[in-house]
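Here are my notes from a first pass through the model.

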Amino acid sequence: MGACPHAWRHNLQHRGRMWAASPAFRRQLFLLRSLAPSCTCVSGGRASSSSLRVHAMHAAAAGAVYEADAESVVRRITPPLDRARHKGQAGKIAVIGGCREYTGAPYFAAISALKVGADLSHVFCTKDAATVIKSYSPELIVHPILEESYSVRDDERESVSSIILTEVTKWMERFDCIVVGPGLGRDSFLLNCVSNIMRHARQANIPTVVDGDGLFLVTNNISLVEDNSLAILTPNVYEYKRLVQKVLNCDVDEENASEQLTTLCQKIGGVTIMKKGKADVISDGKQVTQVSTFGSPRRCGGQGDILSGSVALFSSWARHFLLSNDQPTEKSVNPMILGCIAGSLLLRKAAGLAFEKKKRSTVTTDIIEFLGKSLEDICPAEQ
């Protein structure tokens, strides 16, 4: 597949200039400033301390991406520890994933949501994975209801798929957000069942974070997230490349990275995408921001699972905060963007603290143990 043609780039830049001048763009900047008033704009790797308003008005035209004031976002959307609250009000998260080969990823995602502050964390996985995941921690509620092709006869597939969907549906409306993909694998029957679960979650207006093998599923079936403003995709560099090639029918354009990300979100329709990398770049097709706080040089597997669980919880917190806030401007801010900003920062902070202690031996479980301290450093819990 060839690179994007020059005309495509020119069109992107033209649309960027039009968007930068539009009232909608100015309104989005105002809304984000109301939550995160102190931001730094980054262009070409150099940071400026000038205000968001001065730089962001030119961002779409110049290809700049402003740095989110992530700590302010975390402080605003993290709910207080109120003695009057009851179990479940601080968040109920579900992870859809876990099969014979992969049991660590769903555990990392689910336990991370708990460590950040969720009250309840569920995992829906295959029977083969359930006992293993349960053995990792008694804190998780594990549902061994998914099936892979090898365990289902051809003449049973339709009925088994229906049973699986019915079982998940019993729980779905209790959740504030679901995570689809960690440890899911690529078995065709399992992916078909998860597709049905995603469609039901969408009908129930349940926010959905898609990571890992969930991105493989979505890339091959874009309709699962098309026009869904409550969907978040969290691709790494390889997953992003496949997504761009599938949706935009071209290669990744690093020279016009922010414009291409914006176009990708718009093409899919309303989804939020967090492109993971040295800086996590986030867009919903209307705005582009990033979190570039340095975390750790250690790139052990599983950090994306921590991120997906954290983003799921923060997005649910942000959604609740915005829905319950009396300010009409804040109600118009995209909670999925805020959840991505907060989750990205917390992972980076925790990874940095873990690396300070463990250096080269740092693994994912070490990072998870610093999630609580990282949040406490930013947003101390009141006694």
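How far is the sulfur of Cys177 from the closest cysteine sulfur, and in which residue is that one? Bear in mind throughout that this is a predicted model.

1. **Cysteines.** The closest cysteine sulfur to that of Cys177 sits in Cys340, 9.8 Å away, and that is too far for a bond. A disulfide would need the two sulfurs within 2.5 Å. The disulfide count for the model is 0.

2. **Helix 7.** This helix runs over residues 127-136, and its buried residues are Ala129, Ala130 and Ile133. They end up on the same side of helix 7 because they span an arc of only 110° around the axis. On the face turned away from that buried side you'll find the exposed Thr131 and Ser135. The cover over the buried residues includes helix 6 (104-116), strand 5 (120-126) and strand 6 (141-146).

3. **Asp187.** This one deserves a look if you care about charges. Asp187 is in the loop between strand 7 (177-180) and helix 9 (188-203). The residue is buried but has no salt bridge, and the nearest side chain of opposite charge, Arg157, is 6.4 Å off. What the Asp187 side chain does reach is backbone: the nitrogen of Phe189 at 3.2 Å and the nitrogen of Leu190 at 3.0 Å. Leaving aside residues up to four places away in sequence, Asp187 touches Glu148 and Ser149.

4. **Salt bridges within a helix.** The model has 15 salt bridges in total. One of them joins Lys170 to Glu167, with the closest N and O atoms 3.0 Å apart. Both residues belong to helix 8 (157-172) and are 3 residues apart, about one turn. Lys170 is exposed at 52% relative accessibility, while Glu167 is partly exposed at 28%. Helix 17 (371-378) holds another pair, Lys373 and Asp377, spaced 4 residues apart; their N to O distance is 3.3 Å. Lys373 is partly exposed at 42%, and Asp377 is partly exposed at 49%.

5. Separately, salt bridges tie Glu71, Arg75 and Lys349 into a network.

How values were computed. Residues are numbered from 1 along each chain as its sequence is written. This is a predicted model: local features need pLDDT of at least 70, side-chain atom pairs count only at pLDDT 80 or more; totals for chains, interfaces and linings use all residues. Side-chain values use heavy atoms; hydrogens and water are left out. Buried means under 20% relative accessible area, exposed over 50%, partly exposed in between (1.4 Å probe, protein chains only). Helices (H or I, at least four residues) and strands (E, at least two) are DSSP runs, numbered from the N terminus. The arc is that of the directions from the helix axis to the C-beta atoms. Contact means heavy atoms within 4.5 Å. Lys and Arg count as positive and Asp and Glu as negative; His and the chain ends are not counted. A salt bridge is a side-chain nitrogen of Lys or Arg within 4 Å of a carboxyl oxygen of Asp or Glu. A polar contact is a pair of N or O atoms within 3.5 Å; within protein, one must be able to donate a hydrogen and the other to accept it, and residues adjacent in sequence count only if both atoms are side-chain atoms.
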